[in-house]
Amino acid sequence: MADALLNRLREARDAKGWTQAELAARVGVSRKTINTVENRVFTPSATLAIKLAEALDLSVEQLFWIDR
Amino acid sequence: MHDIHDIEEAERMGRARSRIFFVLAMVFFAGQSAYFASSPATRDSHARIGAWLILVILILLLLATGGFLLKGRRVRDLLNDETVRMNRLAAQATGFWVTIIATLVVYVESIFDPVSFNEAVHIIVTLGVGAALISFAVRERRAHRLG
């Protein structure tokens with residue numbers, strides 16, 4: 001079975017006080033993409049994961065981890 | 001960085017696209033059901049074949065580009081972002097498998113009941129293209145519903 005990629009995107013976004021649309025605007029994706037990543041429906045590419053981490057001033061490892 | 005207005009516009013248009021594609025898929029299948037239900041004598045008129053061909057090309061164009069070609073680049077990029085591209089790839093894979101299965105079914109069927117070349121192409125392309133379109137529309141609708 002594939003390992004699940006977990007994230008704390010919602011918590012990190014809330015800590016910044018941003019809406020999904022505001023984070024989407026900073027990263028350059030649709031609000032739907034932010035929402036599906038937060039809900040773990042969609043696994044982001046490495047590029048998007050890095051962009052999200054940069055926007056939220058976190059490392060990728062702080063934002064995403066694998067559930068083993 | 002994108003403008004919040006672009007994000008909201010892309011959101012609105014993305015939702016509209018998923019609804020339009022779903023309705024287009026239903027209209028496409030309904031039209032082809034009527035086509036196959038009609039008598040072979042009236043079925044193969046140039047007008048009907050032409051209408052089907054135009055619709056198929058339009059759907060392929062929509063599936064390949066995501067539509068909204070006249071919108072500005074910033075909004076178009078948002079309308080074709082990572083999740084949309086993944087959904088489109090998955091929909092194309094669905095279309096591929098439906099095409100292969102339909103081809104095999106038509107091949108076996110033609111052993112018992114001969115099917116003309118034109119009919120076979122019409123059935124296979126209709127099912128493959130229609131399946132890809134409906135698969136994309138359903139995936140997009142599901143992603144939007146989560147919001």
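Figure 1. A:Lys16 forms a salt bridge with A:Asp57, the closest N and O atoms being 2.6 Å apart (a side-chain nitrogen of Lys or Arg within 4 Å of a carboxyl oxygen of Asp or Glu). A:Lys16 lies in helix α1 of chain A and A:Asp57 in the loop between α4 and α5, so the pair ties together parts that are 41 residues apart in sequence (helices, H or I, have at least four residues and strands, E, at least two, as DSSP runs numbered from the N terminus). A:Asp57 is exposed, with a relative accessible area of 58%. Although A:Asp57 is not a glycine, its phi is positive, at about 55 degrees. The model being predicted, local features need pLDDT of at least 70 and side-chain atom pairs count only at pLDDT 80 or more, while totals for chains, interfaces and linings use all residues; side-chain values use heavy atoms, without hydrogens and water. Residues are numbered from 1 along each chain as its sequence is written, and chains are lettered from A and ligands numbered from 1 in the order in which they are written.

**Figure 2. The buried salt-bridge partners A:Arg13 and A:Glu38.** The closest N and O atoms of the salt bridge between A:Arg13 and A:Glu38 are 2.5 Å apart. A:Arg13 belongs to helix α1 (residues 9-16) of chain A and A:Glu38 to helix α3 of chain A, so the contact ties together parts 25 residues apart in sequence. A:Arg13 counts as buried, at 8% relative accessibility, and A:Glu38 is also buried, with a relative accessible area of 9%.

Figure 3. In the salt bridge of B:Arg15 with B:Glu11, the closest N and O atoms are 3.2 Å apart. These two residues are separated by about one helical turn, because they stand 4 residues apart in helix α1 of chain B. B:Arg15 is partly exposed, with a relative accessible area of 29%, whereas B:Glu11 counts as buried at 14% relative accessibility. In chain A, salt bridges that share partners join A:Arg10, A:Arg13, A:Asp14 and A:Glu38 into one network. Over all chains, the count comes to 11 salt bridges.

Figure 4. A:Leu23 is found in helix α2 (residues 20-27) of chain A and is buried, with a relative accessible area of 0%. Its C-alpha atom is separated by 8.6 Å from that of A:Leu56, 33 residues apart along the chain. A:Arg40, in the loop between α3 (31-38) and α4 of chain A, has a positive phi of about 60 degrees although it is not a glycine.

**Figure 5. The largest pocket.** This pocket has a volume of about 210 Å³ (on a 1 Å grid over the protein atoms alone, a pocket is an open set of points with protein on both sides within 12 Å along at least five of seven lines, a cavity is a set where a 1.4 Å probe fits but cannot get out, and lining residues have an atom within 4 Å of a point; points are joined across faces, edges and corners, and a volume is the space filled by probe spheres set on them). Residues of both chains line the pocket, including A:Phe42, A:Thr43, B:Met86 and B:Arg139. Helix α6(B) gives the most to the lining, with 4 residues. By class, the lining has 5 nonpolar, 4 polar and 2 charged residues (Ala, Val, Leu, Ile, Met, Phe, Trp, Tyr, Cys and Pro count as nonpolar, Asp, Glu, Lys and Arg as charged, and the others, Gly among them, as polar).

**Figure 6. The second largest pocket.** About 170 Å³ of space lies in this pocket. Its lining includes A:Ser45, A:Lys51, B:Asp77 and B:Arg85. The largest share of this lining, 3 residues, comes from α4(A). The lining divides into 3 nonpolar, 4 polar and 5 charged residues.

**Figure 7. The largest cavity.** The count comes to 1 cavity of 30 Å³ or more, and the largest cavity holds about 50 Å³ of space. Among the residues that line it are A:Ser30, A:Lys32, B:Glu11 and B:His144. Helix α1(B) gives the most to this lining, with 4 residues. The lining consists of 4 nonpolar, 3 polar and 4 charged residues.

Technical notes:
Buried means under 20% relative accessible area, exposed over 50%, partly exposed in between (1.4 Å probe, protein chains only).
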